[in-house]
Amino acid sequence: MPELTDIMNSIVLLLNFVFLPALSYGSQLALGALAVTLVYAILRFANFAQGDTMAFATVITILITWLLQKADITPGFMPTALLALPLAVIACLLYVLMVDKFVYNYYRKQNSKPITIVMASVGVMFVTGGLVRFILGPEHHIFSDGPRFIITAREFKSMTGLAEGLAIKTSQLLTITIAILLVGFVFYFLQKTKTGKAMRAYSDNKDLALLSGIDPDRVVRVTWILVAVLTTIAGVLYGLDKGFMANSYHQLLLPCFAAVIVGGIGSPMGAIVGGFVISFSEMLLTYAYKKFLLYLLPEILQPSGLVQFLGTEYKFAVSFVILVIVLLLKPTGIFKGKVI
Amino acid sequence: MAYLSGKNLVASYDNSVPILNQCSIEVEKGELAVIVGPNGAGKSTAMKVLLGMLTASSGSVILAGKDISSLSVQKRISLGLAFVPQTDNVFPSMTVEENLEIGAFLRTDDISQTLAEVYDLFPVLHDRRNQLVGQLSGGQRQQAAFGRAMMTKPTVMLLDEPTAGVAPKVMDEIFSNILQIKKSDRAVLMVEQNARKALEIADRGFVLVSGRNEHTGTGKELLADPEVRRSFLGG
């Protein structure tokens with residue numbers, strides 16, 4: 001039987017390398033997926049430009065952060081990017097409203113089929129992606145500053161006396177706190193406010209909503225406001241955690257879509273749950289369990305290999321496989337969303 | 001002059017063959033009027049013209065002595081018209097109470113009084129007010145649809161085939177609901193497929209054929225008219 005400290009060490013190991021990263025990555029996905037699901041529920045198309053819009057909002061945040069850093073306006077105890085966030089949200093909002101006015105609005109007024117609008121959003125995705133690379137290039141940028149850790153692995157080890165350390169990164173704590181607050185706000189808004197109810201009514205039965213006097217243009221506008229807030233915050237939190245690179249933001253589209261479909265398309269709660277299902281699956285399947293098993297198994301059973309189900313380079317395959325399985329077995333997702 | 005009347009209405013979709021030909025419909029407060037007739041007679045079209053979803057090329061719509069022919073749907077609703085569509089007449093993934101609140105969306109005053117009136121009229125809605133409308137039975141769903149429409153404090157209720165596709169037992173329940181709405185001093189106008197049942201409870205009946213008023217009279221008169229019986233009620 002393994003000793004108590006071995007069990008503790010193995011648990012801390014998993015918390016540090018699987019649970020915490022999955023929790024913060026899942027929160028970032030959840031925010032992105034919530035934006036996708038809101039667009040789908042209310043504007044009725046799958047927004048392929050989501051990942052690149054997140055990149056655009058992050059680029060604006062990085063530019064403002066650099067300006068603030070140059071002017072020596074840095075809070076010190078937290079990343080400067082958080083100061084840049086409000087302005088970036090406004091920039092992102094202006095961008096999506098402009099895209100809506102010049103692209104989606106045309107198809108909406110024509111009563112185009114959803115697939116036509118989806119294709120238009122693919123176009124928006126390429127243009128936005130190009131714009132992002134035009135401004136910051138394809139390279140990797142790190143824009144987080146301030147203290148990197150709340151608790152470092154070494155501090156944890158000396159506090160507990162364990163061989164394994166549990167490091168809590170500032171970006172992780174920020175991500176989880178902000179995600180909880182933001183999701184709480186979005187749900188309160190949709191469930192309790194008159195505008196939120198009007199948006200749900202519009203999503204539920206558009207004709208009856210119009211007959212009840214709900215202004216469709218206003219619903220569309222408020223939807224884009226929520227989307228801009230969610231998109232910017234999701235993008236910036238992801239960037240603070242893992243750094244910014246145009247291509248990796250573009251690729252976030254797949255796990256975001258997978259999260260939406262797993263949870264149930266058009267269901268806000270589904271998007272949140274889906275985000276965590278995807279992030280935990282990715283982390284659990286690509287983690288090498290060798291060290292974990294060394295703590296728990298008697299010497300004779302100890303593995304010689306890494307005990308890793310999939311290499312980390314295959315993490316996108318995880319989203320993809322989950323996507324396929326859900327579409328085959330339960331196309332409405334966990335929370336009974338719509339079927340495309 | 002009746003409270004709501006459409007006079008000599010002519011209307012068509014896309015300027016093609018007119019669906020309504022000099023058709024006249026009227027209903028008084030505290031009265032139930034029914035439009036019956038064969039498929040394609042223009043029953044629903046007549047209702048759409050009264051509501052303003054379709055503009056008549058000639059003829060006029062008069063509400064309480066005022067010509068509203070040129071007003072938008074929204075404007076007519078704010079003047080006291082309410083419409084319950086035949087299908088998709090509720091928000092299924094919202095609760096009963098939320099459905100009623102959305103019904104009162106354009107109102108800026110306190111809606112609690114109207115809410116209480118609707119719950120008074122349909123007590124089952126009060127019991128289920130926190131339940132999703134999509135989970136209600138067919139009859140209760142129709143009550144939610146009526147309730148939603150009543151939240152604007154309408155003086156005229158326009159009902160498009162309220163019993164379409166429901167079981168006979170539920171049909172009786174819905175008809176008794178409609179009589180209750182009528183008793184609250186509203187004018188109720190409905191298009192109905194079940195001509196015999198509808199005429200039994202109607203104060204006024206309009207039999208439309210090819211967009212024309214073929215027969216007009218009280219429900220009882222029409223039921224007793226041998227020609228109406230032969231052509232529309234199956235003997």
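Leaving aside its neighbours within four places in sequence, A:Ala259 touches A:Leu29, A:Ala30, A:Ala33, A:Ala271, A:Gly274, A:Gly275 and A:Ile278, where a contact means that the C-beta atoms of two residues, placed from the backbone, lie within 7 Å. This is a predicted model, in which local features need pLDDT of at least 70, side-chain atom pairs count only at pLDDT 80 or more, and totals for chains, interfaces and linings use all residues. Residues are numbered from 1 along each chain as its sequence is written, while chains are lettered from A and ligands numbered from 1 in the order in which they are written.

The model scores ipTM 0.87 and pTM 0.90. Chain B has a mean pLDDT of 92, with 99% of its residues at 70 or more; pLDDT is the predictor's confidence in each residue, from 0 to 100.

A:Ala259 is also among the residues with the most contacts inside the largest nonpolar core, which has 166 residues; others are A:Ala30, B:Ala46 and B:Leu158. Such a core is a set of buried Ala, Val, Leu, Ile, Met, Phe, Trp, Tyr and Cys residues joined through C-beta atoms within 7 Å. Helix α1 (residues 4–43) of chain A gives the most to this core, with 17 residues.

Helix α14 of chain A covers residues 315–329 (helices are DSSP runs of H or I, at least four residues, numbered from the N terminus). Its buried residues are A:Val318, A:Ser319, A:Ile322 and A:Val326, buried meaning 20 or more other C-beta atoms within 10 Å of a residue's own, and exposed 12 or fewer. Seen down the axis of α14(A), these buried residues fall within an arc of 95°, so they line one face of the helix; the arc is that of the directions from the helix axis to the C-beta atoms. What covers them includes α11 (253–263) and α12 (268–286) of chain A. The face of α14(A) turned away from the buried side carries exposed A:Val324 and A:Leu328.

Notes
Helix = DSSP H or I, 4+ residues; strand = E, 2+ residues; numbered from the N terminus. Expected span 1.5 Å × (residues − 1).
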